Amino acid sequence: MVSLVTFDMAGTTVDDGGAVLRALRAAVEETGASVAQEDLEVWSGVERTSAISALMTLGGVHPARGAARAQFLRFSAILADSWRTDPPQEIAGATETFETLHEEGIRVALTTDLDEASVTPLMEELGWWPARRPLIDTVVTADDVASGCPAPYLIHRAMERTRVVDVRQVLAAGDTVVDLQAARNAGVAPVSVLTGAGDRQTLEAAGPDYLLGSIAELPAVISAAGSAMG
């Protein structure tokens, strides 16, 4: 039985046109560090302050104390400016997926390594904010946990807020290997999708429980799994 599905945002439920990666690169390059594309891809799904610190180091700049946090704030500002100019769109079928899951009695949570200030305008734009529309049961941001992916805390906080106590009843969907690692660390079933940063070969090698073209396929997968168990 599935009681809760947690969804990553950029690349999984939201098509941001690569704005998050561009903002991450810009924030790191402002420090004088160079950013290799392969390093950017590896660190793209990791908790942002840690990712910035690692990318600065890889790019030849030793981060002074507090530098990564300062650049995280710059990252957030750059991303907000980008999203104001070119607002992200939902991944095709996301709203329908949330609606179908709710019809089946399954709770829906969004989890993100972005802070609440970055996420709030996006949620308002999409009409997904819980106070405005009952599509999402909770949104867990970087402000709510000690550390983001691959730590399990975003997923566990979503479980806490939705009152789901059994990790065996939770699926966690994401588009990167780091999302999958967070799901494993949380003890829940990882679902990988091909709408974001991760390619099929890399995600298959990481061994998700399900590998889907997009989250639009998820309700049918859950229904089929439930029928097989029944």
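Modeller: The model is predicted. Helix α3 (residues 48-58) and helix α4 (residues 67-85) have axes that come within 8 Å and cross at roughly 110 degrees.

Biologist: What do the two values describe, and how is α3 set relative to α4?

Modeller: Two packed helices are described by the angle between their axes and the distance between the axes. The crossing angle of roughly 110 degrees makes α3 roughly perpendicular to α4. The crossing of these helices is right-handed.

Biologist: Which residues of α3 and α4 make the contact?

Modeller: On the α3 side they are Arg48, Thr49, Ile52, Ser53 and Met56, and on the α4 side Ala67, Ala68, Arg69, Gln71, Phe72 and Phe75. By class, the contact of α3 with α4 holds 6 nonpolar, 3 polar and 2 charged residues.

Biologist: At what angle do the axes of α1 and α3 cross?

Modeller: They cross at roughly 50 degrees, and the axes come within 10 Å. α1 and α3 are therefore oblique to each other. Their crossing is right-handed. Val20, Leu24 and Val28 of α1 meet Arg48, Ile52, Leu55 and Met56 of α3. This contact of α1 with α3 divides into 6 nonpolar residues, no polar ones and 1 charged.

Biologist: And how do α1 and α4 cross, left-handed or right-handed?

Modeller: The crossing of α1 and α4 is right-handed. Their axes come within 8 Å and cross at roughly 140 degrees, and α1 and α4 are therefore oblique to each other. From α1 the contact takes Ala19, Val20, Arg22, Ala23, Leu24, Ala26 and Ala27, and from α4 it takes Gln71, Phe75, Ile78, Leu79, Ser82 and Trp83. The classes in the contact of α1 with α4 are 10 nonpolar, 2 polar and 1 charged.

Biologist: Which residues should I look at to connect these contacts?

Modeller: Take Val20 and Leu24 of α1: both are in the contact with α3, and both are in the contact with α4. On α3, Arg48, Ile52 and Met56 take part in the contact with α4 and also in the contact with α1. On α4, Gln71 and Phe75 are in the contact with α3 and in the contact with α1.

Biologist: Which residues line the largest cavity?

Modeller: The lining is Thr6, Asp8, Thr111, Cys149, Leu154, Ile155, Ala172, Ala173, Asp179 and Ala182. At least two lining residues each come from β1 (4-8), α7 (153-162), β6 (170-174) and α8 (177-186). The lining of the largest cavity has 6 nonpolar, 2 polar and 2 charged residues.

Biologist: Cys149 is in that lining. Is the peptide bond from cysteine 149 to proline 150 cis or trans?

Modeller: That bond is cis, with omega near 10 degrees. Proline 150 sits in the loop between β5 (138-140) and α7. Another backbone feature is at arginine 163, which has a positive phi of about 60 degrees although it is not a glycine. Arginine 163 is in the loop between α7 and β6.

Biologist: How much space lies in the second largest pocket?

Modeller: The second largest pocket has about 350 Å³ of space. Of its 27 lining residues, Ala10, Gly11, Val20, Asp175 and Ala197 are the closest to the centre. The elements giving two or more residues to this lining are β2 (14-15) and α1 (19-29), and α1 supplies the largest share, 3 residues. By class, the lining of the second largest pocket has 10 nonpolar, 10 polar and 7 charged residues.

Conventions. Residues numbered from 1 in each chain as written. Predicted model: local features only at pLDDT ≥ 70, side-chain atom pairs only at ≥ 80, totals over all residues. Heavy atoms only, no water. 1 Å grid on protein atoms, 1.4 Å probe; cavity = no way out; pocket = protein on both sides within 12 Å on 5 of 7 lines; lining within 4 Å. Points joined across faces, edges and corners; volume = space filled by probe spheres on them. Helix = DSSP H or I, 4+ residues; strand = E, 2+ residues; numbered from the N terminus. Nonpolar A, V, L, I, M, F, W, Y, C, P; charged D, E, K, R; others polar. Axes fitted to C-alpha atoms, helices over the stretch in contact; angles between N-to-C directions. Parallel < 35°, antiparallel > 145°, perpendicular 65-115°, else oblique. Left-handed = near helix turned anticlockwise from the far one by under 90°. Contact = heavy atoms within 4.5 Å.
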